[in-house]
Amino acid sequence: MDKQIFINEMNPSFNLRQRRVNKPTNIYMVVSLQGKQVKLSTGVKVYPSHWDSKKQIAYISPILTELDNRNNDVVNTKIDELKICFVEYKRYLCGNPNKISDCLDILRSYIYKGKIYMPKKNKEELATLQMKKIVD
């Protein structure tokens, strides 16, 4: 019997790496895939005091400086982009249920599109190929 998979139950959440610091901290996208929690870096940082953990967005307020508001707007824009990428990812999995076994690599390709991402298993192969080229 095959495992049941409920795609609509997969939702990303965004968490701070460190909550109790006075300097900008990384934001991670956290998703539960096949019973495992996966953390993916968003590539943006925010001051913990500017983070709304319930809404999972950075504050934009007239109380903050213009630079802080601009930085927080960049954070919120990136989070919105990642949410759209995640919806596209879920659509892809619904259309291709036979690829669910590779769901983590597929998610990474959707989240990090345009950036170089290499799965861990390929890094070793590439390193040995590079060493062979250097020796030759």
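Read along the sequence, the protein chain runs β-β-β-β-β-α-α-α. That comes to three helices and five strands. The model is predicted. Of the 136 residues in the chain, 33% are buried. Among contacts with a separation of 6 or more, 41% join residues 24 or more positions apart.

**Aromatic cluster**

- A pair of aromatic rings is described by the distance of the centres and the angle of the planes.
- The count comes to three aromatic pairs.
- The rings of Tyr89 and Tyr110 have centres 6.1 Å apart and planes at 65°. That pair is edge-to-face, because an angle over 60 degrees counts as such.
- Tyr89 sits in helix H1 (residues 66-95) and Tyr110 in helix H2 (residues 103-111).
- Tyr89 is buried, with a relative accessible area of 0%.
- Tyr92 also pairs with Tyr110, with ring centres 5.9 Å apart and planes at 45°. This angle makes the pair tilted.
- Tyr92 lies in helix H1 and Tyr110 in helix H2, 18 residues apart. This pair, too, links distant parts of the chain.
- Tyr92 is partly exposed, at 26% relative accessibility. Buried would require a value under 20%.
- Ring pairs join Phe86, Tyr89, Tyr92 and Tyr110 into a cluster.

- Strand S2 covers residues 25-33, and strand S3 covers residues 36-46. The two strands pair in the antiparallel sense over eight bridges.
- Ser32 stands opposite Gln37 in S3.
- Two residues lie between the strands of this hairpin. Gln34 takes a positive phi there, near 50°.
- In a regular strand the side chains alternate between the two faces of the sheet.

**Largest pocket**

- Rolling a probe the size of a water molecule over the atoms shows where empty space is left.
- The largest pocket holds about 190 Å³ of space.
- Its lining consists of 14 residues. Nearest the centre of the pocket lie Ile5, Met10, Ser32, Leu33 and Gln34.
- By class, eight lining residues are nonpolar, four are polar and two are charged.

Terms used. Residues numbered from 1 in each chain as written. Predicted model: local features only at pLDDT ≥ 70, side-chain atom pairs only at ≥ 80, totals over all residues. Heavy atoms only, no water. Phe/Tyr/Trp six-rings, centres within 6.5 Å; stacked < 30°, edge-to-face > 60°. Helix = DSSP H or I, 4+ residues; strand = E, 2+ residues; numbered from the N terminus. Buried < 20%, exposed > 50% of the residue type's maximum accessible area, 1.4 Å probe, protein only. 1 Å grid on protein atoms, 1.4 Å probe; cavity = no way out; pocket = protein on both sides within 12 Å on 5 of 7 lines; lining within 4 Å. Points joined across faces, edges and corners; volume = space filled by probe spheres on them. Nonpolar A, V, L, I, M, F, W, Y, C, P; charged D, E, K, R; others polar. Pairing = 2+ DSSP bridges. Contact = heavy atoms within 4.5 Å.
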